[in-house]
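Please examine the sequence and the three-dimensional structure shown here before reading the report.

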There are 2 protein chains.
Amino acid sequence: MTDMPGPKPGRARGDAGVTTAAAIARLAGVSVPTVSRVLNGKAGVALATRERVEAVIREHGYRRPETEAPAAIVELVFHALESLWALEIIRGVERVARVNELAVVLTEMEGRLTPGRAWTEQVLARRPAGVIAVFSELTVAQQSKLASRGIPLVVLDPTGEPMHETPSVGAANWSGGLSATRHLIELGHRRIAMINGPVVWPCCRARLGGYRAALEMAGIPVDPALVRDSTLYVEGGLKDAAALLALPEPPTAVFTANDLQAHGVYEAARRAGVRIPQDLSVVGFDDLPFSQWAGPPMTTVRQPLEEMGAAAAELMLALGRGEQPRFTRLELATELIVRQSTAPPRTA
Amino acid sequence: MTDMPGPKPGRARGDAGVTTAAAIARLAGVSVPTVSRVLNGKAGVALATRERVEAVIREHGYRRPETEAPAAIVELVFHALESLWALEIIRGVERVARVNELAVVLTEMEGRLTPGRAWTEQVLARRPAGVIAVFSELTVAQQSKLASRGIPLVVLDPTGEPMHETPSVGAANWSGGLSATRHLIELGHRRIAMINGPVVWPCCRARLGGYRAALEMAGIPVDPALVRDSTLYVEGGLKDAAALLALPEPPTAVFTANDLQAHGVYEAARRAGVRIPQDLSVVGFDDLPFSQWAGPPMTTVRQPLEEMGAAAAELMLALGRGEQPRFTRLELATELIVRQSTAPPRTA
């Protein structure tokens, strides 16, 4: 929050309306901050108070500066909407927005990680209560523009180091990788592969870290041939699982960095005549609504995506109210969900 | 379109008649601020007064001052975001909105079919360029409020008859049901079941109609025991497929009203030890991104959901420009995608 100066970090306003706001406050018998909240379309003012303030405003013809008043809008920006988990996050943000009477403006960046200039200008013009960026990177200039307008920014599952000072929400990725791999070790597996996503992304690096830690704690050497950098899509899992299954000594279990990849492993196994879980155990990551219906139902690490969306929205609102949250990095717990895609290895 | 009078159906700005809030106030016998509150969807106006003002607006139209031009916003309202196909539609709307520099405001109604009063008032206050309602019903009063403000409404896949005069976009459901069932007949199946959704929804009724037509054209009697009304979820497909498989003479093929149900059929087959497609052929409806990765990859009727979202947005924009589209009901073609969940019956 170092980039939001002054005593009211989320709301660095000019003095233009202060006199008038003070007069309204006096006439309505409320505090100036309460008037500001009504003026800025914020929640958290009792209905009767809000109506009293609005009545005074109507009567005395107050006009706030059009260029500075935030709208009752939350901007939700996605790197891409192609991943099915996007919907879970949207629902979480929607839930909090609804309670706070905020509209959710959804932007998809067509797979680009950084929104373009047009997006920034449109956002500034819309004067949102805040911005939630999912799996996206805003440039320093973009962050600075938002900060100077008092528009709080929260990042969900940040992809890069430059964002690390921005308030953010993620999942306990390392712990998830650890519990997935430990589950396979406990079943008796020793040749455990990991199909990872791009390690430039901290979430992928953390999942890999958990995988490695579990192996090392069990005294199992990490075999570099069994760790593959892939893409976080079904196609990536399919391609890399096919390569793993073609090894002279193929793995008996695979942990993937997300469920989509795990579904790709399912398909590779079908094509190779390899049965899950009899011949190959598979653990995914995310617990997409769909994975419980895969054939067989998938063992996976549940990422609380909806809760993460809700937490990001709550954090953004707190920042917008000028609060200083105790934590500006939240990691929600992941949970191993054991279904039917994991079993002891045949040779165990 | 009968509720949108005048030569510019989507944008009844009342060029000829009353154009100002003052004139409306005079006709309705209320103050100008009261008219403003009604126009902007604010609370605090007695119901009878509100209705009188609404009646005047309906009759005479209302032209917004330039400062109240519609915001660069499209409202996209979902009955529920739990269905995976929501994402496809969102992407289509996003694509058109992006080109037109419009922000997409997404609202989920938590499973209710009709948005509440708060939603309507918030929408009126946001002054969007238009509203797209997905699988949702707006009340006549809500439709009328939008129309009187010149806010065009387009419905995607309407669920009920009362909406039939509203411009809408759907898929060729009947043709889809026909081609799915015909495909199974051509493979040699005779005992073909259908797991349908609630037939109160025209889309489900149309898919059932296509199924029946294909059977009748092939001279195969429709067996009522093989047609089941279910819910459009995995659980519905699972439950009803289990019931079908437990029949003294079970079907050799199942056509479902959506892919989620078909995934439920997969699970029911797995539990019953029934192999797909060797023992049971399955055809879904939608072609969710996921269904190509099911085990086995699913034969299904592709519904062009993204294109439907884009078409709804285009139609809404045309109405907003005051154009009179040649068609106010668009049905985009469905396409049978044959994968590996269908095969000739064993006994054929």
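The report below treats a sheet, the helices on it, a histidine and the cysteines.

## Basis of the description

This is a predicted model, in which local features need pLDDT of at least 70 and side-chain atom pairs count only at pLDDT 80 or more, while totals for chains, interfaces and linings use all residues. Residues are numbered from 1 along each chain as its sequence is written, chains are lettered from A and ligands numbered from 1 in the order in which they are written, and side-chain values use heavy atoms, with hydrogens and water left out.

## The sheet of chain B

Chain B contains an open sheet of 6 strands in the order 7-6-8-9-10-12, with mixed pairing. Helices (H or I, at least four residues) and strands (E, at least two) are DSSP runs, numbered from the N terminus, and two strands pair if DSSP finds at least two bridges between them. At the edges are strand 7 (227–229) and strand 12 (335–337) of chain B, each of which pairs on one side only. On average, neighbouring strands of this sheet are turned by 15° against each other, direction ignored.

Within the sheet, strand 8 (residues 253–256) and strand 9 (residues 281–286) of chain B pair in the parallel sense over 3 bridges. Here Ala253(B) stands opposite Ser281(B) of strand 9.

## Helices on the sheet

Helix 7 (residues 173–186) of chain B lies across strand 6 (192–196), strand 8, strand 9, strand 10 (299–302) and strand 12 of chain B, and runs at about 165° to strand 9. Helix 10 (residues 259–272) of chain B also packs on the sheet, touching strand 6, strand 8, strand 9 and strand 10, with its direction at about 155° to that of strand 9. Contact means heavy atoms within 4.5 Å; axes are lines fitted to C-alpha atoms, for helices over the stretch in contact, and angles run from 0 to 180 degrees between N-to-C directions.

## His189 of chain A

His189(A) is placed in the loop between helix 7 (173–186) and strand 6 (192–196) of chain A. His189(A) counts as buried because its relative accessibility is 1%, buried meaning under 20% relative accessible area (1.4 Å probe, protein chains only).

The side chain of His189(A) makes polar contacts with those of Thr252(A) at 2.6 Å and Ser281(A) at 3.2 Å. A polar contact is a pair of N or O atoms within 3.5 Å; within protein, one must be able to donate a hydrogen and the other to accept it, and residues adjacent in sequence count only if both atoms are side-chain atoms.

## Cysteines

The structure holds 0 disulfides over all chains, a disulfide being a pair of cysteine sulfur atoms within 2.5 Å. For Cys204(A), the nearest cysteine sulfur, that of Cys203(A), is 4.1 Å away. Cys204(A) counts as buried at 0% relative accessibility.

Terms used
Buried < 20%, exposed > 50% of the residue type's maximum accessible area, 1.4 Å probe, protein only.
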